[in-house]
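Reader: I am new to this one. Please show me the model, then take my questions one at a time.

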There are 2 protein chains.
Amino acid sequence: MTDVMTEASGATQRSSAARALGPDGAPAYDLIELLFFAYRDFVRDADEALAAYGFGRAHHRVLHFVDRNPGLRVTELLDILKITKQSLGRVLRELIDQGFIIQREGASDRRQRLLFVTERGDALALKLAHLQTERISRALEGCGDDVGAAARRFLFAMVDPEERDAVARLAMPGRPRGGRA
Amino acid sequence: MTDVMTEASGATQRSSAARALGPDGAPAYDLIELLFFAYRDFVRDADEALAAYGFGRAHHRVLHFVDRNPGLRVTELLDILKITKQSLGRVLRELIDQGFIIQREGASDRRQRLLFVTERGDALALKLAHLQTERISRALEGCGDDVGAAARRFLFAMVDPEERDAVARLAMPGRPRGGRA
DNA sequence: GGGATAAGTCAATATGACTGACGTAATGAC
DNA sequence: GTCATTACGTCAGTCATATTGACTTATCCC
């Protein structure tokens, strides 16, 4: 087994962790735990609303990204969510069967099934986004002025470097809401 | 793509809330999505390491909070994780059976089973914390000076108000590492 | 003694994920 | 026109994490 402990506590060379987080290279327990607690409560808002539709977190994610990116291809969605197409299968089917999402053949490539939200889907996506935005807004109100910008920078920097281009394209501030089908 | 992320939106001066929502009350899609992507990658570090032990994310959470809070009672752990004792059951059993956690009868109340990590459990908890700290440190390095403090403030403000006391007690910056059994 | 509390357990179920294999249709290169 | 590749879907089986509900045991405290 790789001896992580000696590597971590060895005083000879200071890792980036040690530099950023204290003289003794102590773990950043506060941020680790804050991320856990903040995310735990953040997703719970939407979870509760989704239960009324018989949907779960997975449905929300699909609906959200289709709402934000009309005409999204299935492959692109899989790449965003980092799940397999089998995992997506059931969730997408339910959203389509219940009229929240529709598929259209690609104009240039007829193998593609482009995804769009319906009016109903857009309404639900927007409702959930507003719930989450309420929590975010209240959080930012209680903080200093630049905290929103700093939070964006920090969260963006937490993303895998090789994913940042894709994330920047998707999560760009002020990007307009997409249209419906 | 730093320019994308450094850009704080509002040209007009509004309240923090209005800025978060945008000029037209639009959802805070950027922060919603950044939270998703940041958390997705954040937990993946530990997930990969845990796979080698046959453990999952649930084991990590239990191990982490027991490591950080030696002598934790089962009820307290359930309250932190917000899961049922049935859900905790299997995970805790496996951690105990494989020698990562031990239980001790409470001294004053013999109904209690106080939880402690073993040396082995402490080593694994620390290894996982270091993995996550590495990502956090690298993220903070790429940001401005006050971003760490701002991120803490933002994440803390994202927690349910009625949970904040409990979270503050657990995730206080600079809180010392707990001891083993 | 008796009610409340701490913890554990059995059973059934839901959700979200996985791997692997296979099928179908369309594209695009040769 | 054939053929490999791509996009998508699906069948089958499995695993991890979570749920509700019911019940037990031991202990505490009034």
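Reader: What percentage of the 181 residues of chain A count as buried?

Author: This is a predicted model, in which local features need pLDDT of at least 70 and side-chain atom pairs count only at pLDDT 80 or more, while totals for chains, interfaces and linings use all residues. Residues are numbered from 1 along each chain as its sequence is written, chains are lettered from A and ligands numbered from 1 in the order in which they are written, and side-chain values use heavy atoms, leaving out hydrogens and water. Buried means under 20% relative accessible area, exposed means over 50%, and partly exposed lies in between (1.4 Å probe, protein chains only). Of the 181 residues of chain A, the buried part is 50%.

Reader: Which pattern does chain A follow along the sequence?

Author: Helices (H or I, at least four residues) and strands (E, at least two) are DSSP runs, numbered from the N terminus. Chain A has nine helices and two strands. Read along the sequence, the pattern is α-α-α-α-α-α-β-β-α-α-α.

Reader: How many bridges join strand S1 of chain A to S2(A)?

Author: Two strands pair if DSSP finds at least two bridges between them. Strand S2 covers residues 113-117 of chain A, and four of its five residues are buried. A:Glu105 stands opposite A:Arg113 in S2(A). Strand S1 (residues 101-105) pairs with S2(A) in the antiparallel sense, and the number of bridges is five.

Reader: What rotation superposes chain B on chain A?

Author: Copies are superposed by least squares on the C-alpha atoms of residues with pLDDT of at least 70 in both. The RMSD is 0.1 Å, the shift along the axis is 0.0 Å, and the rotation is 180°. That is the relation of a two-fold axis.

Reader: Which residue of chain B has the C-alpha nearest the axis?

Author: The C-alpha in question lies 2.6 Å from the axis. In chain B, it belongs to B:Ala151.

Reader: What percentage of the contact residues of chain B recur in chain A?

Author: Contact means heavy atoms within 4.5 Å. The same surface serves both copies. The share of chain B contact residues that recur in chain A is 92%.

Reader: Which residues of H5(B) does H3(A) meet?

Author: H3(A) brings A:Phe36, A:Phe37 and A:Arg40 to the contact.

Reader: Is A:Phe65 buried or exposed?

Author: A:Phe65 lies in helix H4 (residues 57-68) of chain A. Beyond four places in sequence, A:Phe65 touches residues of both chains, including A:Leu72, A:Leu77, B:Phe36 and B:Phe37. Its relative accessible area is 2%, so A:Phe65 is buried.

Reader: Which residues of chain B is A:Ala129 in contact with?

Author: A:Ala129 lies in helix H7 (residues 119-141) of chain A. With a relative accessible area of 1%, A:Ala129 is buried. Leaving aside neighbours within four places in sequence, A:Ala129 is in contact with B:Pro27, B:Tyr29 and B:Ile32.

Reader: Which residues does B:Asp30 touch?

Author: B:Asp30 lies in helix H3 (residues 29-51) of chain B. At 8% relative accessible area, B:Asp30 is buried. Not counting residues up to four places away in sequence, B:Asp30 touches A:Arg152, A:Ala171, A:Met172 and A:Pro173.

Reader: What is the phi of A:Lys82?

Author: A:Lys82 is found in the loop between helix H5 (74-81) and helix H6 (85-97) of chain A. Most residues other than glycine have a negative phi. A:Lys82 is not a glycine, yet its phi is positive, about 55°.

Reader: How many disulfides are there over all chains?

Author: A disulfide is a pair of cysteine sulfur atoms within 2.5 Å. A:Cys143 is buried, at 12% relative accessible area. A search of the whole structure finds a disulfide count of zero.
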